[in-house]
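Trainee: Could you walk me through the helices in this one?
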Amino acid sequence: MLVGALIVVSPWFPIQDHPAIAGDSMVILNAVAVGLIVFGISQLEYVALQRWQEVATILIGLWLIASPYTLGYSAEGFLRIYHTSLGAVVVLLGVLLLWQDWDLNDQDMLKHGQ
């Protein structure tokens with residue numbers, strides 16, 4: 001959940017190459033949407049554990065890594081580094097969770113939240 005919150009506020013981190021990036025609505029929308037999705041999926045882990053959550057976490061982390069190049073803000077040094085680093089953390093956490101839950105059957109996964 002903390003990583004999701006960091007992603008949401010990442011366009012406004014104090015160290016930026018070009019402060020004008022905070023005015024780019026597509027970058028801000030992307031960061032807020034990805035951060036809220038990561039935060040929401042993390043909340044779902046407490047309620048009901050399912051494998052699609054880990055897969056979605058990995059995919060959204062990969063999108064965050066690719067988004068500076070896809071949305072055209074790869075020249076923004078620190079924001080590119082923030083999003084690449086935070087995306088890598090999201091992917092690693094998703095892989096770790098998937099690896100931990102790999103041997104659980106559906107009954108065990110349903111009992112996880114109780």
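Predicted model: local features only at pLDDT ≥ 70, side-chain atom pairs only at ≥ 80, totals over all residues.

Mentor: Residues are numbered from 1 along each chain as its sequence is written, and side-chain values use heavy atoms, with hydrogens and water left out.

Trainee: How far apart are the end C-alpha atoms of helix H4?

Mentor: Helices here are DSSP runs (H or I, at least four residues), numbered from the N terminus. H4 covers residues 77-101, so 25 residues. The expected span is 1.5 Å times one less than the number of residues, which should give 36 Å, and the end C-alpha atoms agree at 36 Å.

Trainee: Which helices do the buried residues of H4 pack against?

Mentor: Buried means under 20% relative accessible area (1.4 Å probe, protein chains only). Among the buried residues of H4 are Leu79, Tyr82, Leu86 and Val90. They belong to the set that packs against H1 (2-9), H2 (25-47) and H3 (51-70).

Trainee: How is H3 oriented relative to H4, roughly parallel or roughly antiparallel?

Mentor: Axes are lines fitted to C-alpha atoms, for helices over the stretch in contact (heavy atoms within 4.5 Å), with angles from 0 to 180 degrees between N-to-C directions. The axes of H3 and H4 come within 8 Å and cross at roughly 160°. Angles under 35 degrees count as roughly parallel and over 145 as roughly antiparallel, so H3 is roughly antiparallel to H4.

Terms used
Helix = DSSP H or I, 4+ residues; strand = E, 2+ residues; numbered from the N terminus. Buried < 20%, exposed > 50% of the residue type's maximum accessible area, 1.4 Å probe, protein only. Parallel < 35°, antiparallel > 145°, perpendicular 65-115°, else oblique.
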